[in-house]
Structure formats: C-alpha cells, structure tokens
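Subject: A structure for you to look at

Hi there,

Here is the structure I promised to pass on. Have a look at it first, and then read my notes below.

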Amino acid sequence: MTLFDDALLGARRADFPILNAGIEPVGGKRTALVYLDSANTSQKPEAVLKAVDEHYRYHNANVARAMHTLGAQATAAFEGARDKVAAFVGGVSQEIVFTKNASEALNLAAYTLSSRLSPGDEVVISVAEHHSNLVPWQMACQRTGATLRWFDVTDEGRLDLAKARADHLINEHTKVVSITALSNVTGALTPIREIADWAHRFGAVVIADGSQYVPHNPTSVADMGVDMLAFTGHKMLGPTGIGVLWGKYDLLDSLPPFLGGGEMIEVVRMAASTYARPPHRFEAGTPPIAQAVGLGAAVDYLNAVEERVPSRERGQKPKTLQGMSAVAAHDATLTEYALDKLLSVPDLHLIGPKVPVDRGSVFAFTLADVHPHDAMQVLDSLGIAVRGGHHCARPLHERFGVQSSIRVSTYLYTTTAEIDALVDGLMEVRRFFKVAP
Amino acid sequence: MIDLHSLYQDIILDHYRAKHHSGLREPFSVEVSHVNPSCGDELQLRLDRDGDVVGDVSYLAEGCSISQASTSVMSDLVIGGTVEHALGLYDGFLEMLEGQGAVELDEDVYGDAIAFNGVAQFPARVKCAMLGWAALRDAILRTGGEK
Ligand SMILES: Cc1ncc(COP(=O)(O)O)c(C=O)c1O
C-alpha cells in the first residue's frame, strides 16, 4: 500500500465526474484536471448530482405550503435534509436554519444579535477572519455603536491566545465572540473550546465560522462549546445556494427575525405580525429545497467515506475508518505529505504552520517575487487549479506583509500524485518567470 | 491552442520588471485609488492636468505583471498628449480586450500596448489589464472630463 489505499481512493475519485473529464485550460494543452481549490468550493459526487436531479424530476413542489402529495414529498425531503445536517454536527433539527451560504448565516447571526448590542459593548473576532465573518460584525458595530476588537495571530499563523489573555481581549464588555474554527488561509485550527469557555465566563455568545472546519472534521457542537456554528454546503460536496446556521434553540428563540416574508410568520395582520418559532422564523420565502436535498445527499456521502490507515502497532493490519474521521485521516496524511513537498520548493514562503499539527490541508504561500495571479495562470495552463489573491482575508495578508498569496487546498479526492504535479508546476512557474536558481 | 506566451509577451515582462513612471510625483491635480477586489491588486494614481493636456501621470501600485505592465505602458502613452486622445486610447484598449481576439490594436497608435492583444484570450485577466486605464479615466473625469 502506498500512502493511500489506491483502490479506495480510485473508487472515490470515480464518483466525481468532473475529476475524470479532463480539461482544456486557457493557454495550455488538454490534460487531466488537478483540482486544488476545494477550500474555495468542492467538487460534487454523482450521488449529490443524482439527488438534486431526482428531486426536480420526481418530487418537485413547494414546501410547507403545498398540501398535495408532491408537496408532502418535497417537505419530507427538505425536512429530512435538515435532520441529516443536524445529526452531522450533533445538533437537533429545530436548531438548523437553512440559509443560502455561510455568509448569509453569519449575517443572520450578526443582524439578529445586534438587537443586544449598544455603545460600550464589544464584539470580538480575529484578524484571520474571512471577510464574511468580519464585514457583518463591522456593520453591526457601526449600527449599534458597539466596539469591534480582534485576536491577532502569531508569526506562525496561529491565533495569539497569550497576547489576547494579556490584553483582556475578552472581558465583561464582550457580548459576542465570532471566530473561524479553521483558517481558510493559514489552515490553522482554532482552539475553539478554550475560547468558548473563556467567553462564556463573561456571558458572551460564541459563534464559530465552520466553513472550512465542518467539511473536513468530525463536528460536535457540544464539544466545540459554541452557541452558533455557520457553514456552507458547497464546500462539503453539496450544491451552491445552501448554507447552514446551527444555533442553540433557546438562543435562536430569543432572537428577532432577520428577513421578513412567507413561511417565517405565525399570524399576519396589517397592524403587526407574530413570528414562527425557530428555525422557520429565519427562513423567509421559498427555501433552497433541491439544494437542501443535495446537501443531505452530501452528508450521506461523507458519512460513508472509508479510509484505510496503517495501524500504529507494528505488524497489525491497517485500520479502516469511516465517515468524517476517514475524511480527517485523509487530510492528515496529505497535509504531512504536502508540507514536506512544498517546503522543499526554493523561495516558497508558507503563510501558516509548517508542521502538520493542528492544521488543515490548506496551504497559502508566496513564491519568490512571482505575483500569485501570475503563478496561478501558469499552473492553470497545466491543468492545475489553485487560487491566487487574498482569499477574502485581506487583513490577514496585511498582517503578514503580503498583498496576496497562492492557495492550494485539498479534499477527500486529492492524491499525492496531484501534490507532485503541483510541485512540478511550481518549478515551471519559476522557469517561466525566470526566477534565479 | 492559445499559448501562454501570447499572454506574457516579453514587452509585458520588461515593463513589469522596470515600470515606467512608477512612484508618486508632485504636482498633481487629482489622486485616485483603484483596486481589483477579486485578486487584491491596488493602485494609487496621480494625474497632473494642464487644461486639456495630460501633464503627468504617476502611480504607486502593487499587482500582477499584467496590471503593472499595463499601467506602465499606459503612462508612456498618455503623458504629454491631450485628454481627448487618452480617453480615445482607453476606449480602443477596452474594445480590444473585450473582443476575444477579434479586435487588434494599431501599433502606430498603441506602441507597446499591442503586446496586450493576447490578454483578450484570457477573460479573467481583462480586469488586470484595465486597472491603470480605469484609474486614469476616473482621474480625467474627476478633473472635468474632456473639457
Ligand atoms: C472561513 C470561511 N468563512 C466563510 C466563507 C464564505 O462562504 P460562502 O461564500 O459560501 O458564504 C468561506 C468561503 O468562501 C470561508 O472559507
């Protein structure tokens, strides 16, 4: 066995049509696709495509308000997806609010929690946030007069807890703490439990942006110790147009609505309306029904993933993991492999932890003085899809004194051969832009 | 097949390595800031306007080779010419970039800028090539347009 069980990984890759279709890149020859941009969006397995297609083909109707048989089927499918997603993160169904993406989930949280903010209150985020977990809080603070404060990161790219503690970053004024559970740039894992416990001592509401964490790790909202968790379907094999805000029921129930409209009400009179209980209070209008069904299928797929890992004891047979522990194990193996390979490329400067400990399989770096957009273009011409830019985390790039970076990110279908192809591609980037050896 | 070298022509890489008119200069009539939010390229551009003449263009910019070279070439082309000429060049350059290869620039008019003909085949890079030009146009409009 190589690093991965080739038969298992091969079968898994066969589930993703796009990975086997090849690509004709702009500026290059027709070739195999090396997709290393899964932190941006993941590819979709046949099972998800089929679930969406079959929903539209055989079960399509509006939910909740359509009383006929098809309406009941569509409602059952939509609510069934809610049940699956709830179980996936260890919550209960009434705590799962469907949104259109993580950004909307975080805006929902920021908007509704604004009702509790006033001048003198503090909202704490980190310099490593994706703009989606930054701008909504800036807006909330501007609206309410509350103050925005943030965690810095260490030079290694990890959240600087020591500095935050010394500065009493979280204190009796803190009303909300909203932090990414895994950075979409450095890949660093946040000690979310520790932060949640700290914030809860002051009665603050704790939100985790799980956009990168949830697709890659077994998730238990109870273990994380948070009050809300936002994530997005399209990064975890699901369709675009569906996101999730999990929130503790009592917290959700205490919050005002976000968007007004159909489905979120109880009784509407011209003078005033009363609102539905969570989660429907936060789901105005016709929801992304087929997308939710697709996300449910993605969850089923993830729960069934298998990975064989070498046993720790000598002479023992490899162990088979299933579900998200299998996905996490795949990540861990690739992370170790990729770090080793990437750090051997001359003039490559990694932004984020260089050791495969408490980090995910996302790698942002600069390469000599080649601009990331130019590096991306050369890689793209070779069929290698990576991201160049600030990845919606401009303040974090500023923190590291760079304007942008090249970002490589893997998922359960990524092979070590693809990492090798990337490293060859980076050497080609050096040649193309005549970086002195 | 479109070759990557049609995007990264030597003229472009030369301008990128040694940008013309880079660094903010005095005097100036207006300063504008433009960014390309998707990739983070940032540009501060100063226009010194002398009636209907582009007296000077200088800038401070960080970005990819295409955006940097294009700004460099643009400044060479417009400094000392009329505002009307500069706006005309802008229109032609944009038309070429959006033409997907159907429109070619006239070397007598555009000089080094003809090296950007290849960019039209790379739609994702059109915004890069336009960054400096868009800032120039903005600066001209803020100082009274063609008048
Ligand atoms: C950490 C993080 N938060 C939030 C988002 C926003 O997700 P979406 O664009 O689906 O709203 C992303 C991805 O783009 C992300 O990586």
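A definition to start with: Ala, Val, Leu, Ile, Met, Phe, Trp, Tyr, Cys and Pro count as nonpolar, Asp, Glu, Lys and Arg count as charged, and the others, Gly among them, count as polar. By those classes, the shell around the ligand has 1 nonpolar, 10 polar and 2 charged residues.

Please keep in mind that this is a predicted model, in which local features need pLDDT of at least 70 and side-chain atom pairs count only at pLDDT 80 or more, while totals for chains, interfaces and linings use all residues. Residues are numbered from 1 along each chain as its sequence is written, chains are lettered from A and ligands numbered from 1 in the order in which they are written, and side-chain values use heavy atoms, with hydrogens and water left out.

Back to the ligand. Which residues are closest to it? They are A:S103, A:D209, A:Q212, A:T232 and A:K235, out of 13 residues that surround the ligand (a residue is near if one of its heavy atoms lies within 4 Å). On its own the ligand has 390 Å² of accessible area, and the protein covers 89% of that (Shrake-Rupley method with a 1.4 Å probe; for residues, only the protein chains shown count as cover).

Next, the place where the chains meet. Chain A gives 18 residues to the contact and chain B gives 24 residues, with contact meaning heavy atoms within 4.5 Å. Between them, the two chains bury about 1,800 Å², 55% of it on carbon and sulfur atoms; buried area is the accessible area (1.4 Å probe) that two parts lose on being put together, summed over both. On the chain A side, A:H373, A:Q403 and A:F432 lose the most area to chain B, together 31% of what that side buries.

There are 2 salt bridges between chain A and chain B, each a side-chain nitrogen of Lys or Arg within 4 Å of a carboxyl oxygen of Asp or Glu. B:R125 and A:D374 form a salt bridge through their side chains, at 3.0 Å from N to O. Helix α12 (residues 372-381) of chain A supplies 5 residues, the largest share of the side of chain A that touches chain B. Helices (H or I, at least four residues) and strands (E, at least two) are DSSP runs, numbered from the N terminus. That side has 4 nonpolar, 10 polar and 4 charged residues.

Over all chains, the whole structure has 32 salt bridges. One of them joins A:E307 and A:R12, with the closest N and O atoms 2.7 Å apart. Since A:E307 is in strand β11 (residues 306-309) and A:R12 in helix α1 (residues 6-14) of chain A, the pair ties together parts that are 295 residues apart in sequence.

Finally, some backbone details. The peptide bond from A:P278 to A:P279 is cis, with omega near 0°, and A:P279 sits in the loop between β10 (273-275) and α10 (289-304) of chain A. In chain B, the bond from B:E26 to B:P27 is cis, with omega near -10°.

Happy exploring!
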